[in-house]
Amino acid sequence: MGHLLPSTLAFFTPLSGGSPNANQINTLYEITLYIALVIFVLVEGGLAYALIKFRERKGAVPAQIRGNTRLEVGWTVAAAVILVGLAVLTFAKLSSIQNPPNSGPGGAELAQSGLLYASNERKLPPNAKALKITVIGRQYLWQYIYPGANEPDGLGAPYSYEEMVVPTNTTVSLDIVSADVVHSWWVPELGGKFQAVPGYHNYTWFKIAKPGEFHGQCAFLCGRGHARMIATVRAVPPAQFEAWLARQKLLIAQANAAAHIARAKLNTQTGAGQVENP
Ligand SMILES: [Cu+2]
C-alpha cells in the first residue's frame, strides 16, 4: 500500500535510476506533480463540496454573488508564486543536469582529461576527466567509438554497434553525431534526449553506479528502419570493461586482417566477378 502512490506517480514521471542527470530531471517532474496533485484535490474537492452543499432544493433561492476580490487576488498571487518557485527550482537544478560530476573512486582509469575537439558545449566534470565515447547515428543502427586509437587521427579505435559497454562509477561523456540523416539518442533511464544531426556535435553524459542494462531507441523518425534502431547501454565493473575493450580491439584487428587477405586473394583471381567489375 505504501508503494502504491509512488508507483502510480512513477507512471507519470520520466524513467530514471540509471544516472544522476536522469534522477534530477525526475525529481523536478515529481515536485511539479506533487504541487499539481494538491491543487487538483483542492479544486475538485471544492467543486464537489459546492455541488452537494448547494444542490437544488425545493424553495431554496440561491444567493446572487458578483465576484470576490480577495479570493480572486488570492488565487492569482498563489499561482504566480508557484510558477516563480518552480522556475527558480528548475534553474537551481539545471546545473546538476547539464554538468557531469567526477568519476567515482572505483571508476575506470581510461578516462582521459582535456578536450579532443575544440568545443565550448561539451560539459566536463570539475576535474575534466571523462571517458569519451562517440555515438554515430546511422541508418539504421548506432555505432559507438571508444578511446584507444592507434593513431592520433582515430584509426584503429575500438567500436561496437547497438550495444554500448561502459564502466560503472565512471563519468561517460558522449559526442553524438550522424553519418546520414537526423537521429535521436535516447536511453530514458540515463537522461534526456539528444539529436544526432549531420554536421553537428551534440554532447551529453551519464554516470552509472551499478552494473546493469539500459534500453533505448532512436527517437526521431529517420527512415524505414527507424523502429529497429535500438540501443542498449551495458554497465560493467571497470576491470571487466577494460578486458572487453581490449578483446573488441583484437577482434576488429583480426577481422580487418582477414578481410585484407580475402581482398588480396580476390584481386589475384581472374573470374566472372572480375570480368564484370574490372
Ligand atoms: Cu534513427
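The structure holds 1 cavity of 30 Å³ or more. A cavity is a set of points on a 1 Å grid over the protein atoms alone where a 1.4 Å probe fits but cannot get out. The model is predicted, so local features need pLDDT of at least 70 and side-chain atom pairs pLDDT 80 or more, while totals for chains, interfaces and linings use all residues. Residues are numbered from 1 along each chain as its sequence is written, and side-chain values use heavy atoms, without hydrogens or water.

Strands are DSSP E runs of at least two residues, and helices H or I runs of at least four.

Now turn to Ser19. Ser19 sits in the loop between α1 (4–12) and α2 (20–53). Ser19 counts as buried because its relative accessibility is 1%, and buried means under 20% with a 1.4 Å probe, protein chains only. Leaving out residues up to four places away in sequence, Ser19 touches Glu189, Leu190, Trp205, Phe206 and Lys207. Contact means heavy atoms within 4.5 Å. The Ser19 side chain also makes a polar contact with the side chain of Asn21 (2.6 Å); such a contact pairs N or O atoms within 3.5 Å, one able to donate a hydrogen and the other to accept it.

Conventions. Buried means under 20% relative accessible area, exposed over 50%, partly exposed in between (1.4 Å probe, protein chains only). On a 1 Å grid over the protein atoms alone, a cavity is a set of points where a 1.4 Å probe fits but cannot get out, and a pocket is an open set with protein on both sides within 12 Å along at least five of seven lines; lining residues have an atom within 4 Å of a point. Grid points are joined across faces, edges and corners, and a volume is the space filled by probe spheres set on the points.
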